[in-house]
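Colleague: Before I use your terms, I would like to hear what stands behind them. Please go through them one by one.

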Amino acid sequence: MKNADTAMFHGKGIGKNTYQYFTSQMNIAVKRRMTLESALRRAVLQKDFVLHYQPQVNLETGEIVAVESLVRWKTEDSGTVMPGDFIPLAEETGLINEVGEWVLREACRQNKEWQDRGLAPRRMAVNLSARQFADKAFLDTVIRVLQDTGLDPKWLELEITESQVMRQTEGMILLLNRLSEMGVHLAIDDFGTGYSSLSYLKRLPIQKLKIDQSFIRDITVDPNDAAIVVAIINMARSLDLETIAEGVETQGQLALLRSKDCRVGQGFYFSAPLRAEGVYLLLQAEQPLRPRARARPQRPGANPPRREHQEDRRTPARGAQLAPPGRECVAVRILSALAVRSAATARRVSPAQLPRSSANRASLR
Ligand code: C2E
Ligand code: MG
Ligand code: MG
């Protein structure tokens, strides 16, 4: 009977109008899931999560205009677990509301802490899952977290995916309006993957479209992707929406995006997601910084492997933030050059007045 149940649940997971015979593999899968689920429950109780933060960069000036928070689960046995490997389970089990509230609170707290430490205020983006968004208590949670942390709502951005907004229930539109009236910024994540229409975008108080990284990946080699990106940028402009390109990895992608008038980008080319202290140093720096983000060589047609685990492990401790001389990567040099340029502009000094090494970097552009 238990085996029949297992087969039935397996069948339900596959979809409607299907049948499944029991196999011993199913038991293994069920056991693995149960182990993972109880580990996740424990993690929620113990708050075994950490946020990493990825800068969003003005493509013209190199200035960091906002930061996106990305959650990781710290485990003793398996190291860091990436969101793609546990958010779906958290959603299925309903644990996402607790995980999500922890993320929201920590992201707001961190942003306020940076402001209190004297950094210029910037928006902090927080990803939301569909289930959080459908939760009736969600608005109250946002209000409470903002009150508790003292963060001005205008420095919070909530990212929802296109498929979430496409459901467009009355409740959801009310919620978005309410958040927007409070001053919270709203962005559509992974835009372009959900077949959305202009008419529904116009009905929503959204400020920003994040162009999905699948379009950016081959933008320099696939004219279709380039055309889609241009169409999104133009459409967004006509609706008075900001756009940001996700997953910028190469100089070629950056150049093309800039030529198409895309103003903001995010990706490994500028910086991998970093721990709070690493981002603090980047945000604080008036001098050129040398974060250890690495540009990836363009491999036409290749699907890049997931390497975020390495990115996160590579995140240097505070003292190790400066890369050894002579080992700067291209992205770092350009970021440094941009930082020099904006520092020079801010202080109204010419590159000739800068120290020789900085002036050299500034000339890289
Ligand atoms: P997302 O919100 O679209 O976040 C961008 C993902 O792309 C991140 O993966 C980031 O590390 C990765 N990325 C950034 N730059 C590049 C790049 O240049 N190339 C490539 N190939 N990837 C890049 P991560 O951290 O594994 O997050 C994956 C997804 O998990 C996120 O996609 C988001 O949908 C979800 N997620 C992350 N944190 C949270 C959270 O706190 N709550 C919820 N509900 N979902 C989250
Ligand atoms: Mg996101
Ligand atoms: Mg995205």
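Modeller: Two strands pair if DSSP finds at least two bridges between them. Strands (E, at least two residues) and helices (H or I, at least four) are DSSP runs, numbered from the N terminus. This is a predicted model, in which local features need pLDDT of at least 70, side-chain atom pairs count only at pLDDT 80 or more, and totals for chains, interfaces and linings use all residues. Residues are numbered from 1 along each chain as its sequence is written.

Colleague: What makes strand 5 and strand 6 a pair?

Modeller: Strand 5 (residues 156–161) and strand 6 share five bridges in the parallel sense, and pairing asks for at least two. Leucine 158 stands opposite leucine 186 in strand 6.

Colleague: Which strand is joined to strand 6 by three bridges?

Modeller: Strand 7 (residues 208–211), which runs parallel to strand 6. There, phenylalanine 191 stands opposite isoleucine 211.

Colleague: Why is the unit of strand 6, helix 9 and strand 7 called right-handed?

Modeller: A crossover is right-handed if, with the strands pointing away from the viewer, the path from the first strand over the helix to the second runs clockwise. Strand 6, helix 9 (residues 198–203) and strand 7 make such a right-handed β-α-β unit.

Colleague: Why are helix 2 and helix 3 called roughly perpendicular?

Modeller: The axes of helix 2 (residues 24–46) and helix 3 (residues 83–93) cross at roughly 85°. Angles of 65 to 115 degrees count as roughly perpendicular, and axes are lines fitted to C-alpha atoms over the stretch in contact, with angles running from 0 to 180 degrees between N-to-C directions. Helix 2 and helix 3 are therefore roughly perpendicular.

Notes:
Chains are lettered from A and ligands numbered from 1 in the order in which they are written. Angles under 35 degrees count as roughly parallel, over 145 as roughly antiparallel, 65 to 115 as roughly perpendicular and the rest as oblique.
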